[in-house]
Structure formats: structure tokens, C-alpha cells
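Hello,

Here is the structure you will be working with from now on. Please open it next to this message and follow the text through the model.

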Amino acid sequence: MKTTSLHAVHEQLGAKLIDFGGWHMPVQYGPILDEVQCVRNRAGLFDLGHMGRVHVTGPDAVAFVDRIATNWCAKIPVSAIRYSLFCKEDGNPIDDVLLYREEASVYIVVNASNTAVDLDWMRRQSAGFRVSIDDQTDRTAMIAIQGPLSREILQRAVSGYDLSKLGYYKFDFATVCGLERTRISRTGYTGELGYELYLPNAEGPRVWSALAELGAAQGIAPIGLGARDILRLEAGMPLYGHEIDLQHNPIEAGLNFGVSMAPEKAGTLGRGALERYAAAPTRKLVGLTTPGPRVPRQGTEVYRGSQRVGAVCSGAPSPTLSTNIASAYVALDAAQVGLELELDFRGKRQPCRVQELPFFSRTRK
Amino acid sequence: MRPDDRKYSPTHEWVKIDGETATVGITDFAVQELSNGNTSDLVYCDLPEVGRSVKAGQTFGEIESVKAVSDLNSPVSGEVVDVNHVIEEHLEVLAKDPWKEGWMVKFKLASKSTEGLMDAAQYEKFVAQAKH
């Protein structure tokens, strides 16, 4: 298993470590639901060193990304970030990614479990484009700080830069813990105010400890993948392998904001299929809340009376909503907000109700 | 050392037999594995109705943590005669006292066979191996 530059830190903190996409990563340091509340009420630190980070440069960098990514890269303002997907010709995604638009290059953050697939895909699709594809994953650290207090805590580690000037889904370079030109993005996977930092591997532990110390008085805590999964589900953010995969396209997942349908994007891989999904969707991704004790899990079936109308993608107890929540694909005629449906747990039914996604957002509200 | 007045299953349930009655629960190791040492990560326990018949090795209920669901397997064959409903509302009891207060189900035994079950010493070794 691969380890990040912060592996020893996690062990020292007594984290429970698991295999996640080939990486030995902390699933929790303490009770998962406490970690969720720490991020919602204070701030949390996340090791994201397992996420793939790929720099695309060269004269055709932007044109190449526009060939493989569903969002319109050429239209992204420099220093802005957009959610996007890499789709196959059939419109189904091999991954979802963030595109960091630079002057003449693009920095791409991809899922840990798909990094190898993405790199292979990018290299195969790059024939005819003058680009260089640089996988920086193994030599860089990535740390997120998320939560309502994240800005004021991170600001103490930043010199010569006012973080309140950095807008949502924007990035910039500033001095962090003495490290000049550190990439900072106002992004995250929690629905909270938050930032992500990109550092040389050797600096990961030092910056992590500095942030932990600078936020100690305000109750900052390290947060594992268990809480991260609940935070992102509450925030209505998809996880590859759950809401989207090779059988679940971004249109029916409601990720239209990551898919440009502009005529100029006609040459993007998967475009034709995505247009057909947009014209004739067969199902919709919705939120569900359930007042019962059982937690919906991936695959839990959803019924209206005796009719099966869908299945759960992700489910969790939500400390923020104080109820169990899920995302699920349901038939279009069962997707109406407020509709009462049922979850089937081995033949035992538990009521649930269709909700709008996201369940929670501080960043967008 | 765990109590030696009972038998243990490979799926980490215990059974204590008194005459015709068997009391069943789960071990401290099971609780630890399910909750990763954090009792508040346990979210739900589904126990059977009185009157249900269960064969040894069959599922009599489920226990759920934030991250996963696990089957509760019966170490013995019999009919459910009593259920500890306190657990359903107070899962922390399982961590506090899995051996006594944390009992789950009482069975009227259909057979006194304890085939495939371990005594406390054997279970101790079994758990030591499971940790690696």
C-alpha cells in the first residue's frame, strides 16, 4: 500500500488506518460523528495526499483538456477552478475532477482510486496534442482545512496575503508557513468554508503540525475518511463509485454544472451520448431522509408500494440533520421532492422522503 | 481473560448455557471491531421477536455502525424466549458490559450441542490471531 507524507503523523495520532484506493489512509481518529460536527462547528484538517494531482502543460494544454473534460476549459477564467468529468464515448465517466485553470496550462486534481486509469486515459487521448502530462501525486502533499473557522486559522499561517480576497472555487499562490508560492485553493468536499494546500512532500508534516497548533485553542481536529464521506454526502457532492461510475452518467446525477453543452464543445469525448441523456433522462439522483433507525447503504432498494423505483448510492447517519440520509437514483415519476417512499432492508420496510440535494451547504447559501 | 463460564463462536458471539436456556451476546472484541473503539459509532441493533426459531450458525439479528452492518449469528439452535430491548436504545451498554448487561437474546435450547464453539482460552488465541 502507498503512504502519504503524513502517514507517521496519523499513526502517532492513533488513527484507524484502512486501504483506500491503494493508499493506507486514516478512516477516523475518534468517533466519526464527532469529527463531522467538528468540521461543521469549528475546523478540521484532512490529509488528501492520496488524491491524484496532474499538471498538463504545453502549447495545446487547454485544447487537450477541452477534448477530454466535459466542462469548457478555455472559458474558465485564469485562477478559477471548475468541476468537470472525464467521460467515455458512451457518456459515462471514468472519473470526476477539478480543473485549475492557469494562463496556458491546467492543474487537475483527480480521485485516488482512479489516478492510474486517468493517467492512462489522458496519455492515450493526447496523441496529436502538444502536451506534457506530469503526475505530481507522489512528490507532493495535499492538506485541506475545512470548517467555519478555517479561514482565520489558516490566515495565521499565511503571510502577505489576505485569504478573504480568495473567492469560492478560486486559487492563488501565497507564502504558507514560510513556503513561498504555495498553491492555495478555496475548495473542499464538505460544503463548508475551506481551503486546500499543495506542498512539497517534505513540508507536509511541518505544515500539518503548524495548522494543528494554530487552531488548537479553537478546537481544530484531524478528520478521517469516514467523516469526510458523511460531510460530502450532506453537501450533496458525488463520490465516484457511488453516485457516478461507468453505469451512471453526470446528467442523471444532476451534475450539469460540470458539463458544457456549448456548440464549441462538440468535439469533447462523450458529448453525443451526454446530449442524448439530457434529451431523454430515465432516472434522477435525489436525496432521501429516513426517520427510521436503519442507515441506508449502497444498493438498498427504494420502493413505492410494491414497485421498486430505485436504489441507494450512498447513505449515512447525518449529525447535521439529525436523521439518516441517502442519495439514490429513482425513476423520474418518483423523484418529486416531498414524496414518501420506502427503503427495503431484507424485507423490512422503513419510510423515507425525497429531498432536494444538497442536504446542507454553507458555501452556496 | 474473558469469562470462562461460556462458549465463544468464530464470529465473536458468546453463549452461556444454564440448563435449558442459553443467553447470547457479542464479545468485547466484536464491539471493538464494529466501533473501532468508539462506542458512539454504533448506531443500530436489530434483535429478533420472541418465538422465533433459529438454528446454530443462522442470523438472529444485525448490528450496525456508522460505516457498516454486521450479522449476529446464533451459536446455538433454539427458540427466542427473551430479548434485551434496552440495547436497541442504549448501544453503549455493549461496550460497558458485553458479558452481563449487554446480553442480547435468550434461547430455549433445541439442542445442547456446542459443536464448533471455543472455550475462553481457545477464543483468546483465536482473537490474538485475528488481530494480525
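**What was found**

In chain A of this predicted model, 7 strands form an open sheet with mixed pairing, in the order E10-E11-E12-E13-E9-E3-E14. The edges are taken by strand E10 (158–159) and strand E14 (221–222) of chain A; each has a single partner strand, so one side of each is left without a neighbour in the sheet. As background, strands of a sheet pair through backbone hydrogen bonds, and the pairing can be parallel or antiparallel. E10(A) pairs with strand E11 (residues 171–176) of chain A in the antiparallel sense, over 2 bridges. To find one of these places in the viewer, look for Ser159(A), whose bridge partner in E11(A) is Thr175(A).

Helix H2 (residues 32–41) of chain A lies across strand E3 (44–47), strand E9 (140–146) and E14 of chain A, and it runs at about 115° to E3(A). Helix H6 (residues 204–214) of chain A lies across E3, E9, E11 and strand E13 (194–200) of chain A, and H6(A) runs at about 15° to E9(A).

H2(A) also meets another helix. The axes of H2(A) and helix H7 (residues 225–234) of chain A come within 8 Å and cross at roughly 55°. Are H2(A) and H7(A) parallel or oblique to each other? An angle between 35 and 65 degrees is neither roughly parallel nor roughly perpendicular, and the two helices H2(A) and H7(A) are therefore oblique. The crossing of H2(A) past H7(A) is right-handed. On the H2(A) side the contact is made by Ile32(A), Glu35(A), Val36(A) and Val39(A), and on the H7(A) side by Gly226(A), Ala227(A), Ile230(A) and Leu231(A). By class, this contact of H2(A) with H7(A) has 6 nonpolar, 1 polar and 1 charged residues.

Now to the domains. The domain assignment of chain A gives domain 1 (1–278) and domain 2 (282–355). Their C-alpha centres lie 28 Å apart. How many residues does the contact take from domain 1 of chain A and from domain 2 of chain A? Domain 1 of chain A gives 15 residues and domain 2 of chain A gives 16 residues. H2 and H7 of chain A each supply at least two residues of the side of domain 1 that touches domain 2. That side of domain 1 of chain A has 6 nonpolar, 4 polar and 5 charged residues.

There is also a closed barrel in chain A, with 6 strands in the order E15-E18-E17-E16-E19-E20 and antiparallel pairing. From one strand to the next the twist averages 45°. Strand E19 (residues 340–345) and strand E20 (residues 348–355) of chain A pair in the antiparallel sense over 6 bridges. In E20(A), Arg349(A) is the bridge partner of Asp344(A), and Arg353(A) is that of Glu340(A). The hairpin of E19(A) and E20(A) has 2 residues between the strands, and in this hairpin Arg346(A) takes a positive phi near 50°. E20(A) also runs antiparallel to strand E15 (residues 283–290) of chain A, joined by 3 bridges. Leu288(A) has Val354(A) as its bridge partner in E20(A).

Last, the two chains. Their contact takes 10 residues from chain B and 13 residues from chain A. The side of chain B that touches chain A has 4 nonpolar, 3 polar and 3 charged residues.

Regards

How values were computed
Residues are numbered from 1 along each chain as its sequence is written. Chains are lettered from A and ligands numbered from 1 in the order in which they are written. This is a predicted model: local features need pLDDT of at least 70, side-chain atom pairs count only at pLDDT 80 or more; totals for chains, interfaces and linings use all residues. Two residues are in contact if their C-beta atoms, placed from the backbone, lie within 7 Å. Ala, Val, Leu, Ile, Met, Phe, Trp, Tyr, Cys and Pro count as nonpolar, Asp, Glu, Lys and Arg as charged, and the others, Gly among them, as polar. Two strands pair if DSSP finds at least two bridges between them. Helices (H or I, at least four residues) and strands (E, at least two) are DSSP runs, numbered from the N terminus. Axes are lines fitted to C-alpha atoms, for helices over the stretch in contact, and angles run from 0 to 180 degrees between N-to-C directions. Angles under 35 degrees count as roughly parallel, over 145 as roughly antiparallel, 65 to 115 as roughly perpendicular and the rest as oblique. A crossing is left-handed if the near helix is turned anticlockwise from the far one by less than a right angle, and right-handed if clockwise. Domain bounds come from an automatic or database domain assignment.
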